[in-house]
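This report describes a protein structure for a reader who has not seen it before. The sequence and the structure come first, and the description follows.

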Amino acid sequence: MRATRLIKVALKSIVKNKMRTLLTMLGIIIGVGAVIVMVAIGEGAQSQIAAQIQNLGTNMLVITPGSSNAGGVSQGSGSFNRLKDTDADKIMAESAYVAGVSPVIFTRTQIVGGTGNWRSTIHGVTIDYPVIRNWELTSGRFFDASEQRTGKKVLVLGATIAENLFPNDDPVGQRVLVRNVPVEVIGVLAKKGQTPEGNDQDDVALAPYLTVQRRLSNFTFIRQILANTYSSNDIEKAQVELKAIMREAHGLAAWEPDDFEIKNQDQLSEAAQGTTEVMTMLLAAIASISLLVGGIGIMNIMLVSVTERTREIGIRMAIGARGSDVLTQFLIESIVMSIFGGALGVAIGIGGARILASFTGWSTAVSPEIIFIALAFSAAVGIFFGFYPARKAASLNPIDALRFE
Amino acid sequence: MQAVDAAVLVAAAVSDSNILGKHRLMSDTKPVVEVTGLRKTYVMGKTEVHALQGVDMTIRQGELVAIMGTSGSGKSTMMNIIGGLDYPSSGTYLLDGIEVNKLGKNELADIRNQKIGFVFQGFNLLARTSAVENVELPLLYDRTHKIKNHRQAAIDSLELVGLGDRTDHHPNELSGGQQQRVAIARALVTNPSLILADEPTGNLDSRTTVEVMQLFQELNKKGITIILVTHEDEVSRYAKRIVVLRDGRIIRDETQVPDSASDDIAKLILKQKREMETAPVSAE
């Protein structure tokens, strides 16, 4: 009851001095607006990276060779490769969660054909690979199970290779030479863009892994095994299951460490996310400084306001306002102003983020959390920076205040 | 029109003097203000200023007292202490039997709110705030919540001072006399034991001064205790009792038969009327 009355008094005083109120709020408006825009940029970048990670594949698990341990010195991951194509077969046969499996072998080589030649990487994979990687074709088709089984000399080109070797015509049905072996191009992959690390995912060609192993290289090592689960809820269960299957496949005794590593997409994306989180925090920190300056602005104007309204304070005290009433009134004024300013700042920040996104093409994202945080923070600024002037007002001597001209 | 005016005023004047004729004995009513041995010493650098040097005074309910004195006589200090704005250095001050000099700052604020209505020389209304909102203001700080409908209480109070038709006017839309009436309405709204007016007519012309004094006399007739702090004889002649301070001591304290402000207004109006009647002749 009293509180609502005091809030009313504060509101009236704010409305009666529109110009002063606006100037006071300006700092907070700009501060909160800046925080919202900066965080929106940061979070936009984060969600973009998350999308890119998702772009790597759907519900994907990656098994890579583990590290060897020579006399206590770890050789790092991949130093001891015991992955085999039979591991993939065993996973497919035994796992309850895995929808598809593809061993991957790489060979880096020159592809000759079309208008010239292009050095790229050929990945030997299975028919499940495009599903695991969530990769569409723009023309032609992917190889089928019988081509995989027989190791037919067929190749699906990534967009980058297709553009470089066949800039003008459809590569499907054309022949290219890989290490002097003629291979038929049966399809072209859709463009996938860059990885978060900046690698061109489209500078690649896909072939059945048997083809790569036996006809295009003498390279038999499986560099990684990709698998995907039916649903994203299964990923962690699948990870545990695959570990058991792999240990069995490699005949590891209980005391032996894993000779492989299994990572899911979240783990892959963590590193990349971490970087952008730091960037977001940095941006928010810089913007927070303007919020701080806005708070000092509030304190400044409130101090002037207390001096300007000394007589009013005197009157209020003479007719029975306690020091705490005056303190509350001024505190409410500064809090209301900073919350209003914060709300305006949020609106301007959201608008600013949209405008920025449409001009620069950056993706921006304003989360409800940051709106809440910005409002809470501006209220805190109001309390913090309003307290000193309010205290000053409350401690005035009514006799002196009444005499003040 | 003019004849009717004159008749009404004469009737009012007659009825006024009738009421004044029924003079009550003030010593029978209960004391509102009782000060004994009141001293106040200010320390200014190395010198001590003795503003009050032992003042004893009792003001009873229904009194209309003028506290007079020249600048430096201690009357402002006296007002500040009686008004609960300041503490005495020594001595006691009982307001309605409450020992005010022993109260803390918050209780003192409550006393100002509940028991004292201030009227200031400079009106001290809040600017950009309507008359009725100004009058409501003390109720905002009323912790007893004895009055539920603030707006109605404020309107009633404004009607009491004859401004029932000006409730939504802002101070800058009102004349000096009207502003002081709003201030008096504000002082009355909490139903205080005491109205304390500090040079209430200092900023007003002589005609308005008489009008405001008329209002004080009317309120006093309703039983409201009023203390006027003033240095003007123009004001004190309407009081029933005059207390004169000099150098921090009471040098005179006597009751008098006050002039009737209503009569003076009637005289003023008649005088003005005569001037107006003669004015067109002289213009010809």
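Predicted model: local features only at pLDDT ≥ 70, side-chain atom pairs only at ≥ 80, totals over all residues.

Helix α2 of chain B spans residues 75-82 and is mostly covered, with 7 of its 8 residues buried. The buried residues in α2(B) are Lys75(B), Thr77(B), Met78(B), Met79(B), Asn80(B), Ile81(B) and Ile82(B).

Positive phi values also occur at residues other than glycine. Arg128(B) has a phi near 55° and is placed in the loop between β6 (116-119) and α4 of chain B. With a relative accessibility of 48%, Arg128(B) counts as partly exposed. Asn191(B), which is not a glycine either, has a positive phi of about 60°. The loop that holds Asn191(B) runs between α6 (176-188) and β7 (194-198) of chain B. Asn191(B) is exposed, at a relative accessible area of 64%.

## A sheet in chain B

Chain B contains an open sheet of 4 strands in the order β2-β1-β4-β5, with antiparallel pairing. Its edge strands are β2 (47-60) and β5 (98-99) of chain B, each of which pairs on one side only. Strand β4 of chain B, residues 90-95, pairs with β5(B) in the antiparallel sense over 2 bridges. Leu94(B) stands opposite Glu99(B), a residue of β5(B).

## Where chain B meets chain A

The contact between the two chains involves 25 residues of chain B and 25 residues of chain A. The size of an interface is often given as the accessible area lost when the parts come together. Between chain B and chain A, the buried area is about 2400 Å², and carbon and sulfur atoms give 56% of this area. Leu140(B), Tyr141(B) and Arg143(B) supply 28% of the area that chain B buries against chain A, more than any other three residues.

There are 10 residue pairs in polar contact between chain B and chain A, counting pairs with both residues at pLDDT 80 or more. On the side of chain B that touches chain A, α3 (105-115) and α4 (131-140) of chain B each supply at least two residues. The most comes from α3(B), with 5 residues. By type, the residues on this side of chain B are 10 nonpolar, 7 polar and 8 charged.

## Salt bridges

How many salt bridges does a search of the whole structure find over all chains? The search finds 29. Between chain B and chain A the count is 3. Side chains of opposite charge can pair when their charged atoms come close.

| Residue | Partner | Distance, N to O |
|---|---|---|
| Glu133(B) | Lys12(A) | 3.1 Å |
| Arg143(B) | Asp325(A) | 3.1 Å |
| Glu248(A) | Lys90(A) | 3.0 Å |
| Arg237(B) | Asp259(B) | 2.6 Å |

A salt bridge joins Arg143(B) and Asp325(A). This pair crosses between chains, from Arg143(B) in the loop between α4 and α5 (150-160) of chain B to Asp325(A) in helix α11 (residues 323-360) of chain A. Arg143(B) counts as partly exposed at 29% relative accessibility, whereas Asp325(A) counts as buried at 2%.

Within chain A, Glu248(A) and Lys90(A) meet in a salt bridge through their side chains. Because Glu248(A) lies in helix α8 (residues 235-249) of chain A and Lys90(A) in helix α3 (residues 85-94) of chain A, the pair ties together parts that are 158 residues apart in sequence. Glu248(A) is exposed, with a relative accessible area of 53%. Lys90(A) is buried, with a relative accessible area of 18%.

Within chain B, Arg237(B) forms a salt bridge with Asp259(B). The pair links distant parts of the chain, 22 residues apart: Arg237(B) is in the loop between α8 (233-236) and β9 (241-246) of chain B, and Asp259(B) is in the loop between β10 (249-255) and α9 (261-283) of chain B. Arg237(B) counts as partly exposed at 28% relative accessibility, and Asp259(B) counts as partly exposed at 30%. Salt bridges that share partners join Arg237(B) and Asp259(B) with Glu234(B), Asp264(B) and Lys267(B) into one network.

Conventions
Residues numbered from 1 in each chain as written. Chains lettered and ligands numbered in written order. Heavy atoms only, no water. Contact = heavy atoms within 4.5 Å. Buried area = accessible area lost by both parts, 1.4 Å probe. Salt bridge = Lys/Arg side-chain N within 4 Å of Asp/Glu carboxyl O. Polar contact = N/O pair within 3.5 Å; in protein donor to acceptor, adjacent residues only side chain to side chain. Nonpolar A, V, L, I, M, F, W, Y, C, P; charged D, E, K, R; others polar. Buried < 20%, exposed > 50% of the residue type's maximum accessible area, 1.4 Å probe, protein only. Pairing = 2+ DSSP bridges.
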